Amino acid sequence: MQVSEKHKAYWRKNLQMTGLLLAIWFVVTFVFSFYARALNEFTFIGFPLGFYFAAQGSPVIYVVIIWYYARYMNKLDRRYNVQELEEE
Amino acid sequence: MALENKAFSRMLSRYYGIYSGSFIAFVVLLGIAEQMGVANETIGYMFLAATVGLYAGIGILSRTADITEYYVAGRRVPAIFNGMATGSDWMSAASFIGMAGTLYLSGFDGLAFIIGWTGGYVLVALLLAPYLRKFGQFTIPDFLAARYGGNLARSLGVVAVLLTSFVYVVAQIYGVGLITSRFLGLEFTLGVFVGLSGILMCSFLGGMRAVTWTQVAQYIILIIAYLVPVVMLSQRVTEVPVPQLMYGQVLQKLSEREQVIFNDPAQRQAQALFKDRSQELETRIGELPALAGGERERLAKELAAAKASAREPIPHTRPFRGEGEKEEAEARRNFLALVFCLMVGTAGLPHILIRYYTTPSVKEARESVFWSLFFISLLYATAPSLAVLAKFEVYTRLIGTSIADLPSWVAAWGKVGLVRIDDINGDGLLQLAELTLDPDVIVLATPEIAGLPYVVTGLVAAGGLAAALSTADGLLLAIANTLSHDVYYKMIDNSASTKRRMRISKGLLLVVAVVAAYVASLKPGNILFMVAWAFSIAASAFFPALVLGIFWKRANRYGAISGMIVGLGVCLFYLLGVRFYGMTPWFGIKDIASGVFGVPAGVLTILAVSLLTPAPGKDIQKLVEYCRYPRLGETRADE
């Protein structure tokens with residue numbers, strides 16, 4: 001089976017979303033951690049912000065990233081008609 | 001098939017619902033029995049017998065002689081159940097028992113483990129799981145062999161599987177021995193073999209299928225066992241049973257308390273006395289004759305303890321511990337490097353990745369990573385709150401009070417060496433510097449700190465056991481399957497009959513399990529810190545070749561093979577050099593984070609060597625495309 005233009009467009013979309021979500025992941029993980037001391041000057045529901053992100057904020061954001069990616073891709077599969085066929 | 005899947009999901013939900021209810025009823029019954037005067041030890045044994053018996057029962061019910069069932073649970077594990085199975089596959093004895101204690105002792109800096117061990121799943125979800133599922137074979141070396149043509153890539157994969165998984169499984173079995181010996185007073189070696197029989201009963205008969213359904217059961221036990229005591233402790237400290245939300249307030253009170261304790265003159269005095277002691281010990285060690293090995297070791301241990309007590313304590317939320325700006329910058333570098341290694345390593349651990357071969361579809365593989373991290377985060381987002389709550393209890397109820405009046409759990413855990421008190425200034429009061437806690441004691445003693453009956457302690461032990469056994473099961477299967485499938489079937493005898501492959505798989509499983517249990521029974525103290533290395537090794541060996549294999553068609557065999565060798569080589573060179581041969585660390589990075597050098601080295605090598613050698617052939621390009629799209633043709637047969 002040849003890869004059509006439609007397939008290429010699907011893959012581009014996938015790469016864009018993957019890149020975007022990885023960028024968020026990178027900022028939350030490394031940038032926030034790098035500046036943890038400065039962030040600790042702020043308070044969020046009783047927590048120093050830097051501590052909060054490391055202890056709870058980042059896991060929650062990761063869960064949301066993965067949830068969103070699954071939803072987005074499962075829709076994209078259908079839009080580009082590359083979804084898996086229901087087996088007989 | 002879709003309808004059948006739904007019916008299967010519904011049936012599973014019903015079974016596991018009934019199962020969870022029965023387990024809770026069992027705990028309540030034991031609680032009543034305790035009130036009626038049944039001895040603690042009996043309760044402990046009943047927990048052990050009931051849970052290990054249960055896992056064995058699931059194993060027997062799931063026995064199978066079908067290859068696909070044995071290797072990948074028939075590829076029909078629904079997303080949510082695969083998520084639970086991955087959760088318990090992932091959370092080891094160390095996560096369950098040691099994590100909260102590490103956070104207690106290291107404060108912010110310990111959170112590298114929380115970030116690293118959750119954030120890695122973003123990489124699994126975005127870069128690996130859906131594509132590996134579409135590829136749809138049995139092991140990780142399978143992918144390397146198909147993508148990079150041939151047995152050399154496969155063999156390198158096998159070596160890396162063994163390097164990452166074997167030490168890890170030994171540590172789990174060791175954990176089983178510790179838990180059974182601590183709670184039941186079984187002899188350590190006996191405990192190891194009890195655990196081993198539980199593991200084997202399950203994986204030997206039913207392979208991945210049995211392991212999957214047992215892991216789901218184990219997840220349910222471990223999460224109940226982790227949450228119950230923390231929720232109760234939160235209720236006690238804050239009067240609200242939601243620790244994850246409430247500990248912000250506790251943290252503020254803890255910070256105030258920290259200031260008082262750290263500046264207490266008696267604390268300063270105790271620190272100074274410990275400093276004197278460590279200097280004295282240093283001179284004594286210096287005067288020892290060269291041959292006094294045992295004595296030297298004993299004194300070195302005492303010295304390390306004295307030095308730790310003499311250290312200036314730092315506030316729980318303060319990041320990057322170090323004396324002076326230079327050390328603090330180094331601590332920050334190490335924090336980030338460790339996070340990187342744990343994340344990339346997570347996305348390279350074979351026993352986790354093969355779980356995504358077991359879902360019915362690519363779509364469910366994506367959803368399954370979400371459920372995995374969701375179930376993992378339930379525990380990982382709770383551990384920091386437990387650390388803070390426990391610290392608050394210790395700082396308010398223990399520190400500054402008379403040593404004669406300490407709560408009974410201190411003495412109880414002191415007897416097994418997990419709590420040490422040394423009234424160095426002789427004032428009869430406990431100062432922070434005078435209290436030494438083993439990380440494990442935080443989780444183990446929480447039920448008692450929260451004033452809960454013994455049955456909850458038994459529950460925690462059962463949870464720790466579930467965490468250790470489930471991880472051991474997954475690892476053992478990953479090792480045995482790669483030996484039987486990749487080495488025996490694919491490289492030695494690829495005309496072997498199904499029956500013979502099955503026999504070989506089971507035989508190897510038995511051998512690996514017994515060897516691992518034997519190594520664990522020797523109590524190799526050194527092997528435990530090697531577990532942390534597994535992440536750097538997996539990151540350096542697997543991650544670059546796997547991800548580039550999917551996202552870069554130009555990556556070829558020469559690139560991948562040299563990349564794996566260079567990545568693994570740099571990683572091992574660095575960690576062995578720094579750990580054992582006194583090599584000067586690069587940028588002050590510790591050996592545990594050696595993947596921070598191994599991964600880029602691997603990636604660069606794959607890029608450079610691939611570009612210098614011919615592009616892979618058409619069939620490989622086709623394979624990559626096959627993996628990228630959930631469906632390529634109009635029908636399945638078109639692909």
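This is a predicted model: local features need pLDDT of at least 70, side-chain atom pairs count only at pLDDT 80 or more; totals for chains, interfaces and linings use all residues.

Me: Between which helices does Glu239(B) lie, and what is its phi?
Reply: Glu239(B) belongs to the loop that joins α9 (188-238) to α10 (243-263) in chain B. Most residues other than glycine have a negative phi. Glu239(B) is not a glycine, yet its phi is positive, near 65 degrees.

Me: Where in chain A is Asn81(A), and is it buried or exposed?
Reply: Asn81(A) is not a glycine but has a positive phi of about 55 degrees. Its place is in the segment that follows α3 (49-79) of chain A. Within 10 Å there are 11 other C-beta atoms, so Asn81(A) is exposed.

Me: What radius of gyration does chain B have, and what would a compact globule have?
Reply: The C-alpha trace of chain B spans about 80 × 60 × 50 Å along its principal axes. For 639 residues, a compact globule would have a radius of gyration near 26 Å. Chain B agrees with this, at 25 Å.

Me: How many helices and strands does chain B have, and what percentage of its residues is buried?
Reply: Chain B contains 25 helices and two strands. Among its contacts with a separation of 6 or more, 82% are between residues 24 or more positions apart. Of the 639 residues in chain B, the buried ones make up 54%.

Definitions and conventions
Residues are numbered from 1 along each chain as its sequence is written. Chains are lettered from A and ligands numbered from 1 in the order in which they are written. Helices (H or I, at least four residues) and strands (E, at least two) are DSSP runs, numbered from the N terminus. The radius of gyration is taken over C-alpha atoms; the globule rule is 2.2 Å times the number of residues to the power 0.38. A residue is buried if 20 or more other C-beta atoms lie within 10 Å of its own, exposed if 12 or fewer, and partly exposed in between; C-beta atoms are placed from the backbone. Two residues are in contact if their C-beta atoms, placed from the backbone, lie within 7 Å.
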